[in-house]
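Biologist: Can you walk me through this one? I'd like to start with pockets.
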Amino acid sequence: MAGVKTATASSYTEVFANKAGTVYQSDREGCWYIDFDGKLVRFDHRGLLKLKNSICRVDIEELLLNSDRSPEIEMVFICACNHCYFLNLLQIISLKQLLEGTFVMLELNQIIRDRLHRLPF
């Protein structure tokens, strides 16, 4: 969603992006925006963690190998959130990669900040 990035570029920071979507951080609003598959959703930090945990709990391997169950669509619902996702397996994999990349970037940012503040100058 290029409109978010260009219209309010000064208030949003792109945290991580892949082919399927982008995660933005808004320091001013204290929230996160996930632009995934044409849908832009706002999350607080707790909601973002819940979404990541929900996506990571989906057993993709079992969905692929279990022939008794149709693995076409999975509903990802987050408690106390107004949004839910109906995703196919490829979308689940893409969203999982997007969220994992986001949290790696956040952790890396925290490691760099910790290292910089520990070093005496």
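Modeller: First, the term: a pocket is an open set of grid points with protein on both sides within 12 Å along at least five of seven lines, and lining residues have an atom within 4 Å of a point. Keep in mind that this is a predicted model.

Biologist: Fine. Which residues line the largest pocket?
Modeller: Thr13, Glu14, Val15, Gln25, Asp27, Trp32, Met105, Leu106, Leu108, Asn109 and Arg113. The space in there is about 200 Å³.

Biologist: Which element gives the most to that lining?
Modeller: Helix 4, with five residues. By class, the lining has five nonpolar, three polar and three charged residues.

Biologist: Switching to the core. Which residues touch the most other members?
Modeller: Ile34, Phe43, Leu51, Tyr85 and Leu87, out of 24 residues in the largest nonpolar core. Elements giving two or more residues include strand 3 (31–36), strand 6 (84–87) and helix 4 (89–118). Helix 4 gives the most, with six.

Biologist: What does leucine 87 touch?
Modeller: Leaving out residues up to four places away in sequence, its contacts include Phe36, Ile55, Ile73, Val76, Ile92 and Leu95. Glu72 and Glu74 are also among them.

Biologist: How many aromatic pairs are there?
Modeller: Two. Tyrosine 12 and tyrosine 33 sit edge-to-face, 5.1 Å centre to centre with 80° between the planes. Tyrosine 12 is in the loop between helix 1 (2–7) and strand 1 and tyrosine 33 is in strand 3, so the pair ties together parts 21 residues apart in sequence.

Biologist: And the other pair?
Modeller: Phenylalanine 36 and tyrosine 85 have ring centres 6.4 Å apart and planes at 80°, so this pair is edge-to-face. It links strand 3 to strand 6, 49 residues apart.

Biologist: Is phenylalanine 36 buried or exposed?
Modeller: Buried, at 2% relative accessible area. Tyrosine 85 is buried too, at 3%.

Methods: Residues are numbered from 1 along each chain as its sequence is written. This is a predicted model: local features need pLDDT of at least 70, side-chain atom pairs count only at pLDDT 80 or more; totals for chains, interfaces and linings use all residues. Side-chain values use heavy atoms; hydrogens and water are left out. A nonpolar core is a set of buried Ala, Val, Leu, Ile, Met, Phe, Trp, Tyr and Cys residues joined through side-chain atoms within 4.5 Å. Buried means under 20% relative accessible area, exposed over 50%, partly exposed in between (1.4 Å probe, protein chains only). Helices (H or I, at least four residues) and strands (E, at least two) are DSSP runs, numbered from the N terminus. Contact means heavy atoms within 4.5 Å. On a 1 Å grid over the protein atoms alone, a cavity is a set of points where a 1.4 Å probe fits but cannot get out, and a pocket is an open set with protein on both sides within 12 Å along at least five of seven lines; lining residues have an atom within 4 Å of a point. Grid points are joined across faces, edges and corners, and a volume is the space filled by probe spheres set on the points. Ala, Val, Leu, Ile, Met, Phe, Trp, Tyr, Cys and Pro count as nonpolar, Asp, Glu, Lys and Arg as charged, and the others, Gly among them, as polar. Rings of Phe, Tyr and Trp (its six-membered ring) pair if their centres lie within 6.5 Å; planes under 30 degrees apart count as stacked, over 60 as edge-to-face and the rest as tilted.
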